[in-house]
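Work through the exercises below with the sequence and the model open. Each task is followed by a solution in steps.

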Amino acid sequence: MAMTEEARAGTGQHGRITARERQRNPWLGQSVITGFAGAAIGYLLGHLFGNIIASNYAVVKASGVNNVSICLGLALGTLGWLAGLGAFNYAVAKILGYEPAKEEETTGWQRYFKMTLDHKVVGLQYLIAVLGFFFTAGLFAEAFRTELLSPYSHFIGPDVYLQLVSEHGTMMMMMATSLVVGPFGNYLVPLMIGARGMAFPRLEATSLWLFVAGYMVILTAPVYGGFNTGWTAYAPLQTEARGGMDSYLIGFGVVGLGMILNGFNQIVTITNLRAPGMRWTRLPIFVWAMLTTGFLLTLATPVLFVGAYLGVLDRTAQTSFYVNAHGGSSYLWENLFWFFGHPEVYIMALPGFGLVGEMLTVFSRKPLFAYKVAAAGMIGVALLSFFVWQHHLFQSGINPDMRPLFMLDTELISIPTGFIYLVGMGTLWRGRIRFTLPMMFSLAMYFNFLIGGITGVYLSDVPVNVTVHGSFFVLAHFHYTIMGGLVFAFFGAVYYYMPRVTGHMLNETLGKIHFWMMFVFFNLTFFPLLIVGFLGMPRRVFEYAPRLQGLNAFATVADYLLGLSFVVFVANFIWSMWIDPKPAPHNPWQSRGIEWQLPDPVPFHNFDRLPLILSDPYHYGEEDPLPVADFRGGGALAALAEAGVAPFDAYAGRPEIAHPASHISDPGREV
Amino acid sequence: MTATDGDRRDGGRADDPNRRHWRFLLLVVLVGTIIVEPLLWFVIRVHMPPGRQTTAAQGDQFDATVLTMMASPVVIAVLAYFTYAMVVWRHPKGAPLVDGPPIRSNLKVQASWLFMTSAIVMGAFVFGTYELIVPAGAGGGEGPSPIWTPTSKTILPVQVIGQQWQWTYRYPTYGGFETTQLVLPDNTWIAFHVTSLDVIHSFWAYQLGVKADANPQVDDVAFTKTQQTGKVTVRCDELCGIWHGAMYNYGYVVSRSSFNSWALRTEKRQAPLTKLLPPFSWTYSPSANGAGGGYYPSSIPFPSSESYGKGASGPEGNLPGVKVSHKGLSGGQ
């Protein structure tokens with residue numbers, strides 16, 4: 001079942017650094033500095049090739065915009081970025097017949113600026129990257145909400161407004177697909193399943209640096225005039241858009257490639273690297289979330305990639321896949337985009353459900369209620385998510401006879417989604433609920449997602465969809481599900497796992513200020529926008545009916561304060577990590593999860609010996625519960641068997657058999 | 001660490017804590033539902049968007065109300081449960097940490113949950129399908145071959161043309177004249193034929209409860225029946241470029257006689273300009289040489305003109321002056 005370390009030969013994780021190596025200047029090797037250099041060289045080469053190829057095209061001469069050079073520049077720039085970071089070193093060395101350089105364990109803060117094969121470092125790198133995406137796109141939102149303070153007076157004007165709206169939407173969607181899978185998926189999955197790393201550490205690192213490349217590519221859009229198509233980029237508006245559209249298409253391609261790699265890696269890791277005893281029924285619920293999300297990423301994202309590729313061809317090679325007038329179909333992009341786009345909604349939702357499931361059990365001191373139902377719900381959501389995409393096209397004029405079917409599918413998906421509430425509510429039932437920060441974020445997620453889910457029913461109903469489709473109602477709905485659901489779960493998990501990841505607790509007072517500001521002002525921002533949409537305000541407009549100014553202004557001011565809540569978070573992070581770091585006690589939340597039983601900090605190999613998993617991590621409330629794992633790989637079990645003690649009895653009430661740190665739930669502990 | 005003996009009593013005895021919690025929660029949900037449901041039906045319903053100017057709008061309003069009434073008990077139940085849990089099962093600060101009872105599953109609860117959510121979903125589906133089919137597509141764009149059509153003999157076709165960044169309207173039964181103002185007769189079935197000359201737009205006549213995407217070279221048909229006079233706001237609901245936010249105008253639903261006199265008057269006044277327009281067609285394609293105003297009519301015969309309103313070949317006297325024949329759309333040319 002589990003892949004041996006030898007089978008993952010070439011990961012370089014089994015090397016230990018020597019004293020001589022430790023003295024080497026960490027900046028002499030490949031890092032983001034060489035990455036930037038590679039990106040610059042690649043971009044210039046691509047641009048040059050593009051000019052050589054297409055500068056004589058009639059369309060280039062007429063418009064003065066050479067989409068070929070832009071696309072080639074961005075694509076080769078991305079390749080140069082990866083090459084500069086060293087992503088291809090191993091493969092190139094093997095192809096040329098050299099023995100690849102040993103990739104040793106690295107320490108020090110410089111490792112965060114390098115391509116590393118340590119899943120824990122990649123997880124933390126992902127965390128910083130997704131936060132960079134999130135805050136950048138969030139700043140754009142503050143700017144365009146300012147434009148909507150007044151229906152007629154303009155702060156930034158329609159062009160910049162639409163560019164910001166489009167950048168915001170695109171970046172947030174890129175970010176949200178990796179928000180949990182990137183940092184927490186990569187960091188936690190190996191720990192939770194008892195593995196020493198991801199199955200494909202190079203793909204893992206490559207997916208991260210592709211994600212970072214996507215951030216830079218999408219931010220080149222303003223240099224080329226931006227794009228004003230929104231994140232959906234419907235053709236033929238896409239085809240006629242300015243050069244910034246190339247950044248969108250290449251950017252989504254680059255991030256999409258990273259998503260595919262990440263999803264594939266999650267599937268293979270969870271399927272093959274589970275420690276002995278880690279049966280499917282013992283998987284932590286977060287791992288189930290990562291597995292189902294991995295399948296969605298792997299199966300849905302290629303459709304986006306192909307869609308973007310056809311879009312690039314339309315804009316560069318003058319094909320007409322999406323141009324009706326030349327024999328193409330604007331419906332093609334809509335279908336390709338949403339065939340990816342709706343599973344993407346669940347790529348964003350499922351990880352949040354998994355995280356909250358983990359936190360609820362710990363902070364209500366209860367087993368996860370209806371564990372199998374929770375896993376089945378995630379599988380059901382993942383399967384059904386491929387059959388609902390046309391509900392985005394109810395008013396498009398396509399396939400009217402299919403509308404009842406897509407209405408049914410869309411409403412059916414609320415059944416497995418509802419399992420998450422059954423599981424959450426069942427877990428809370430007669431629990432011992434502790435209002436820690438992670439728990440507060442988890443409970444807030446249930447509140448927000450309830451509104452998001454219920455408003456989704458209006459959108460799935462074809463007659464009501466006539467009124468609410470394409471309006472601010474939709475906008476508020478998906479902010480309730482994605483921000484209210486995923487982002488709240490994410491921040492809960494940040495507070496929950498930071499002691500594990502960094503060894504420091506985040507400041508609780510600042511954290512509570514952050515939570516209450518975020519929760520209150522999130523709702524004050526987006527609930528009025530539900531009403532605004534219902535009252536007839538379309539999305540992405542810079543002018544609107546004067547009667548809606550009050551609600552819009554209210555939402556804008558609330559949005560400023562929502563933005564301020566993230567300033568509090570950043571201040572808390574800086575304060576708690578660097579200014580006044582407080583060492584976290586071991587397993588500060590008294591969790592039974594394997595990831596919390598490991599020493600502080602987590603060893604480079606995670607486990608000196610592969611653990612023997614004995615139970616799922618949710619045995620709260622049981623008398624003499626079985627330890628979750630034997631961290632001596634079954635050695636302790638064998639020793640007891642030799643002594644004539646039945647294995648099950650041996651573990652009962654003997655947590656010291658497992659890792660010493662696995663002693664949990666001290667009844668005398670003051671909290 | 002462990003559950004107390006009392007916690008472990010999961011049977012059906014009177015002092016069972018499970019039963020006590022259930023009773024209280026059910027009572028809260030019942031009382032909340034009894035208060036909220038009549039409020040929604042008798043007070044909120046009439047204020048629900050988008051009003052009652054057309055059958056489609058009234059249908060949307062009714063549907064939104066029914067969905068809200070279906071959703072309300074669910075929302076009340078979930079909110080009541082979480083509030084109750086946070087208050088009653090809160091771990092006292094400073095108290096020794098103990099675990100809750102090890103309840104891993106409950107088949108009765110799980111089966112009931114599955115049954116209830118499935119029933120709600122199937123109810124919503126059957127209701128939504130009925131409300132989609134019976135009022136002729138509920139005002140949504142049905143594409144060039146609509147399958148849910150009115151049976152009325154008097155259907156006024158109005159072509160809606162989206163272009164960056166304005167809406168224009170052609171009245172094929174009045175010689176195909178084109179205006180920038182939407183005027184409709186009261187108490188009449190309207191067939192909106194929505195198309196675009198450039199990118200995708202979306203025709204959203206808010207008070208009419210009509211929304212249909214305007215795709216280039218596509219005839220997207222939506223039906224509704226007007227039933228109140230008044231002003232109509234038309235907006236573009238699909239991002240179509242820089243001035244998307246400014247792509248709106250207003251229309252009016254007027255009495256039949258007012259409409260007829262307006263249409264005949266406009267047809268006559270616009271006749272010289274109508275000659276310069278491309279001949280009426282359900283869709284238009286860009287013309288490379290700029291002939292016919294830059295567009296030429298598509299030569300593809302669209303079935304939409306023949307696939308609905310079969311009874312429309314009857315006497316025209318039902319609507320004074322409004323030509324209802326769908327076969328003779330070119331007759332005005």
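**Exercise 1: a helix pair in chain A**

In α4(A), the residues A:N67, A:I70, A:C71, A:L74, A:A75 and A:T78 meet A:D246, A:S247, A:I250 and A:V254 of α11(A). Two residues are in contact if their C-beta atoms, placed from the backbone, lie within 7 Å. Helices (H or I, at least four residues) and strands (E, at least two) are DSSP runs, numbered from the N terminus. This is a predicted model, in which local features need pLDDT of at least 70, side-chain atom pairs count only at pLDDT 80 or more, and totals for chains, interfaces and linings use all residues. Residues are numbered from 1 along each chain as its sequence is written, while chains are lettered from A and ligands numbered from 1 in the order in which they are written.

Task: describe the geometry and composition of the contact of α4(A) with α11(A).

Step 1. The axes of α4 (residues 67–85) and α11 (residues 244–272) of chain A come within 10 Å and cross at roughly 30°. Axes are lines fitted to C-alpha atoms, for helices over the stretch in contact, and angles run from 0 to 180 degrees between N-to-C directions.

Step 2. That crossing makes α4(A) roughly parallel to α11(A); angles under 35 degrees count as roughly parallel, over 145 as roughly antiparallel, 65 to 115 as roughly perpendicular and the rest as oblique.

Step 3. By class, six nonpolar, three polar and one charged residues make up the contact. Ala, Val, Leu, Ile, Met, Phe, Trp, Tyr, Cys and Pro count as nonpolar, Asp, Glu, Lys and Arg as charged, and the others, Gly among them, as polar.

**Exercise 2: domains of chain A**

Task: which element gives the largest share of the side of domain 1 of chain A that touches domain 2 of chain A?

Step 1. Chain A is assigned domain 1 (30–102), domain 2 (103–579) and domain 3 (594–662); the bounds come from an automatic or database domain assignment.

Step 2. The centres of domain 1 and domain 2 of chain A, taken over C-alpha atoms, are 29 Å apart. Their contact takes 20 residues from domain 1 of chain A and 21 residues from domain 2 of chain A.

Step 3. The largest share on the domain 1 side, ten residues, is that of α4(A). That side divides into 14 nonpolar, five polar and one charged residues.

**Exercise 3: the sheet of chain B**

Task: in what order do the five strands of the open sheet in chain B lie, and what packs on the sheet?

Step 1. The order is β3-β2-β1-β5-β8 (chain B), with mixed pairing. Two strands pair if DSSP finds at least two bridges between them.

Step 2. β3 (177–179) and β8 (220–225) of chain B are at the edges with a single partner strand each, so one side of each has no neighbour in the sheet. Neighbouring strands are turned by 25° against each other on average, direction ignored.

Step 3. Helix α4 (residues 256–276) of chain B packs on the sheet and touches β2 and β3 of chain B. Its direction makes about 100° with that of β3(B).

Step 4. Strands β1 (residues 155–163) and β2 (residues 166–171) of chain B run antiparallel and are joined by five bridges. B:Q159 has B:R170 in β2(B) as its bridge partner.

**Exercise 4: where the chains meet**

Task: how many residues does each chain give to the contact, and which element of chain B gives the most?

Step 1. Chain B gives 84 residues and chain A gives 80 residues.

Step 2. α2(B) gives the most on the chain B side, with 13 residues.

Step 3. By class, the side of chain B that touches chain A has 45 nonpolar, 25 polar and 14 charged residues.
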